[in-house]
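Hi,

Here is the structure I said I'd send over. Have a look at it first, then read on for what I found.

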Amino acid sequence: MADLSPIDLQKALKGADYPASRDDLVSVAKSNGADDTLVEKLTQAGSKQFDGPNEVQKAVFGNE
């Protein structure tokens with residue numbers, strides 16, 4: 001998958017409970033069969049804790 005979209009991120013994080021740690025979200029994404037590129041972006045996300053999906057999206061896509 002060359003281009004990631006917010007929809008891909010939402011699908012990857014389906015079932016995640018917030019607040020969530022970055023490691024928890026990476027685990028959820030992997031268990032949901034997320035693309036390796038998306039998992040890598042989550043792994044590199046700036047925050048260690050996220051209060052909700054909007055924060056994750058900002059960290060992954062950089063759109064503040």
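Below is a walk through the helices, the core and a few single residues. Keep in mind that this is a predicted model.

**The α2/α3 pair**

I'd start with α2 (residues 22-31) and α3 (residues 36-43), which pack with their axes 9 Å apart and at an angle of about 175 degrees. Anything over 145 degrees counts as roughly antiparallel, so that is the label for α2 and α3. On the α2 side, the contact is made by R22, L25, V26, A29 and K30. On the α3 side, V39, L42 and T43 make the contact. Sorted by type, the residues of this contact are five nonpolar, one polar and two charged.

**Which sides of these helices are buried**

Now take α2 by itself. Its buried residues are R22, L25, V26, V28 and A29. Looking down the axis of α2, they fall within an arc of 160 degrees, so they line one face of the helix. The face turned away from that buried side carries D23, K30 and S31, which are exposed. As for what covers the buried residues of α2, the list includes α1, β1, α3, β2 (49-50) and α4.

D24 is also in α2, but with a relative accessible area of 46% it is partly exposed. From the C-alpha atom of D24 to that of L13 is 9.9 Å, and the two residues are eleven apart along the chain.

In α3, the buried residues are L38, V39 and L42. These cover an arc of only 100 degrees around the axis, which puts them on the same side of α3. The buried residues of α3 pack against α1, α2 and α4.

**The core**

Which residues touch the most other members of the largest nonpolar core? They are L9, L13, L25, A29, L38, L42 and V56, out of 18 residues in that core. Helices α1 (6-12), α2, α3 and α4 (53-61) each supply at least two residues of it. The largest share is from α2, with four residues. As a bit of background, nonpolar side chains tend to be buried together in soluble globular proteins.

L13 is in the loop between α1 and β1, and it is buried, with a relative accessible area of 8%. If you skip residues up to four places away in sequence, L13 touches Y18, L25, V28, A29, N32, L42 and V56. A29 is 16 residues from L13 along the chain, and their C-alpha atoms are separated by 5.3 Å. With its neighbours within four places in sequence left out, A29 is in contact with A12, L13, A34, V39 and L42.

**Between α2 and α3**

A34 is in the loop that runs between α2 and α3. Its relative accessibility is 17%, and the cut-off for buried is under 20%, so A34 counts as buried. Besides residues up to four places away in sequence, A34 touches A12, A29 and V39. A34 and N54 are 20 residues apart in sequence, and their C-alpha atoms are 18 Å apart in space.

Most residues other than glycine have a negative phi, and most peptide bonds are trans. With that in mind, look at Y18 and P19: a cis peptide bond joins them, with omega about -5 degrees. P19 is in the loop between α1 and β1 (20-21). The other spot is G33, which follows α2 and has a positive phi, near 75 degrees.

Is P6 buried or partly exposed? P6, in helix α1, counts as partly exposed at 33% relative accessibility. Leaving out residues up to four places away in sequence, P6 touches Q57 and F61. P6 and V60 are 54 residues apart along the chain, with their C-alpha atoms separated by 9.1 Å.

Cheers

Methods
Residues numbered from 1 in each chain as written. Predicted model: local features only at pLDDT ≥ 70, side-chain atom pairs only at ≥ 80, totals over all residues. Heavy atoms only, no water. Axes fitted to C-alpha atoms, helices over the stretch in contact; angles between N-to-C directions. Parallel < 35°, antiparallel > 145°, perpendicular 65-115°, else oblique. Contact = heavy atoms within 4.5 Å. Nonpolar A, V, L, I, M, F, W, Y, C, P; charged D, E, K, R; others polar. Core = buried A, V, L, I, M, F, W, Y, C linked by side-chain atoms within 4.5 Å. Buried < 20%, exposed > 50% of the residue type's maximum accessible area, 1.4 Å probe, protein only. Arc of directions from axis to C-beta.
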